[in-house]
Amino acid sequence: MLVLVAAAAVGAVLSLGGDDGTATADPAAPSARLPQIGDPAPVLASLSSEAPVPDPAALTATLRPLLAAPVFGGGLSAEVVDVATGEVLLDDGADRPVTPASTAKLLTAVAALTTLDPDDTLETTVVAGSAPGEVVLVGGGDPTLSTTAPSVDYPGAATVADLAAGVQAALPPGTAVSRVVVDNSLFEGPLTAEGWGPEDAPSTYASPVTATAVDGARVVPGEDPRSGAPGTDAGRALATALGAPGAVVELGTAPEDARTLATVSSAPVARLVEQALSQSDNLLAESLARHVALARDLPATFDGAAQGVTAALGDAGVDVSGVEMHDGSGLSRLDRLPLAVLTDLVAGAADGSIQGASAVVSGLAVAGYDGTLADRGDDDPATAPGAVRGKTGTLLGVHGLAGTVVTADGRLLAYALVANGTVGGGLPEEAALDDVAAALAACGCR
């Protein structure tokens, strides 16, 4: 059709060249015809409410051999719930306390969305210091503040460049910045949690938890290694952006009633939750947990955050009996909870019974497509990518996956799988968990 349209256009051009400059018709030129276009198909179609529910006995029979894989060491707990009805289709130790690893971020995510306004943002501010040439960077608990524009790690993040531009506009012309003070006082207490190992912070996946950081405390934007001094790194980034790379950078506190020079805001809380879940971002999760604590008038410490998150879930109607948290990211080996809490959170976010928590579902990594499941998933195009979504969890000897799955018949299920005491080294356990999720997606089980 494109060829015909092009030919028609050429013919029309050739017919416009009569001796007297007037247009003449060319009877031999083909006429252009537009293609017939039907009604557009839905891009995001809703699931059918008539999709059949898997039979619990058939589903159990399908999954039982996979759940008993030797790589789990006999320590796998599993639960599958039909989202629409709440019916438990499989319960294999769902009331058994487990160390959740990063699946614990589901708790922090729901707590943040139900305690904070999902449209709220986190602010980073610069105020005037106590001496000429001194500015104070006041951390607002937003670790997504970016040294690149746009951010390579957190789409929609505020940038140090914008913050510096605001500072320069507010300072008297010709002011030379000679000192940058970094105020981390919004967060209190130890910089690492009870149950974290000495190798955890700094590492490729975590850093000390401070109220001020840039690029998620990454040493280099877009790369994994994290810094052991996120606050001073942020101060140096601001000094450089202010054209004063040689300025003194030190930790301190802002003067009382200091004049505000500039403020920048993060992406909305709902977007931060999605990023924390999809990428399993430990520092971002810990920061959100601290904001939950602050909103509930609790200390912005690890203990205050854990207490605040647990209380928020209880207020949202989640049974938190047996939940014992020591951080907001799941990095602590002392975290314990019944597996059923994870499926309750996922199902409640998916069916709307936990109001305002829908960003939990949109934040789950998509198998074979993005986040921590980008390189994991079923090769069958009928079930992946898109059929399996989940929050991963990994510690030494702990492997988990919890999220949603759409069955071959179009039924939405919530699932949670956590194995404690594994010894396979990581990849075998992940593959075995993926096999269970893929079987759920492929199973009509009627």
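**Figure 1. Packing of helix α3 against helix α8.** Helix α3 (residues 105-115) packs against helix α8 (residues 302-315) at an angle of about 70°, and their axes lie 9 Å apart. α3 is therefore roughly perpendicular to α8, a term for angles of 65 to 115 degrees, where under 35 counts as roughly parallel, over 145 as roughly antiparallel and the rest as oblique. The crossing of the two helices α3 and α8 is left-handed, that is, the near helix is turned anticlockwise from the far one by less than a right angle, clockwise being right-handed. On the α3 side the contact (heavy atoms within 4.5 Å) involves Leu107, Thr108, Val110, Ala111, Thr114 and Thr115, and on the α8 side Val309, Ala312 and Leu313.

The model is predicted: local features need pLDDT of at least 70 and side-chain atom pairs count only at pLDDT 80 or more, whereas totals for chains, interfaces and linings use all residues. Residues are numbered from 1 along each chain as its sequence is written, and side-chain values use heavy atoms, with hydrogens and water left out. Helices (H or I, at least four residues) and strands (E, at least two) are DSSP runs numbered from the N terminus; axes are lines fitted to C-alpha atoms, for helices over the stretch in contact, with angles from 0 to 180 degrees between N-to-C directions.

**Figure 2. Packing of helix α4 against helix α5.** Helix α4 (residues 160-170) and helix α5 (residues 230-241) cross at roughly 60°, their axes coming within 9 Å. The two helices α4 and α5 are therefore oblique to each other, and their crossing is right-handed. Val160, Leu163, Ala164 and Gln168 of α4 meet Ala237, Leu238 and Ala241 of α5. The residues of this contact of α4 with α5 comprise six nonpolar, one polar and no charged.

**Figure 3. The second largest cavity.** The whole structure contains two cavities of 30 Å³ or more; on a 1 Å grid over the protein atoms alone, a cavity is a set of points where a 1.4 Å probe fits but cannot get out, and lining residues have an atom within 4 Å of a point. The second largest cavity holds about 30 Å³ of space, a volume being the space filled by probe spheres set on grid points joined across faces, edges and corners. Its lining consists of Lys105, Thr108, Ala109, Val273, Ala276, Leu277, Ala285 and Leu288. At least two of the lining residues of the second largest cavity come from each of α3, α6 (269-278) and α7 (282-295).

**Figure 4. The largest pocket.** β11 gives the largest share of the lining of the largest pocket, six residues. This lining of the largest pocket has 12 nonpolar, 22 polar and 14 charged residues.

Figure 5. The peptide bond from Ala149 to Pro150 is cis, with omega near 0°, and Pro150 lies in the loop between β5 (134-138) and α4. Ala201 and Pro202 are also joined by a cis peptide bond, with omega about 5°. Ala101, which is not a glycine, has a positive phi of about 55° and is found in the loop between β3 (97-98) and α3.

How values were computed:
Ala, Val, Leu, Ile, Met, Phe, Trp, Tyr, Cys and Pro count as nonpolar, Asp, Glu, Lys and Arg as charged, and the others, Gly among them, as polar. On a 1 Å grid over the protein atoms alone, a cavity is a set of points where a 1.4 Å probe fits but cannot get out, and a pocket is an open set with protein on both sides within 12 Å along at least five of seven lines; lining residues have an atom within 4 Å of a point.
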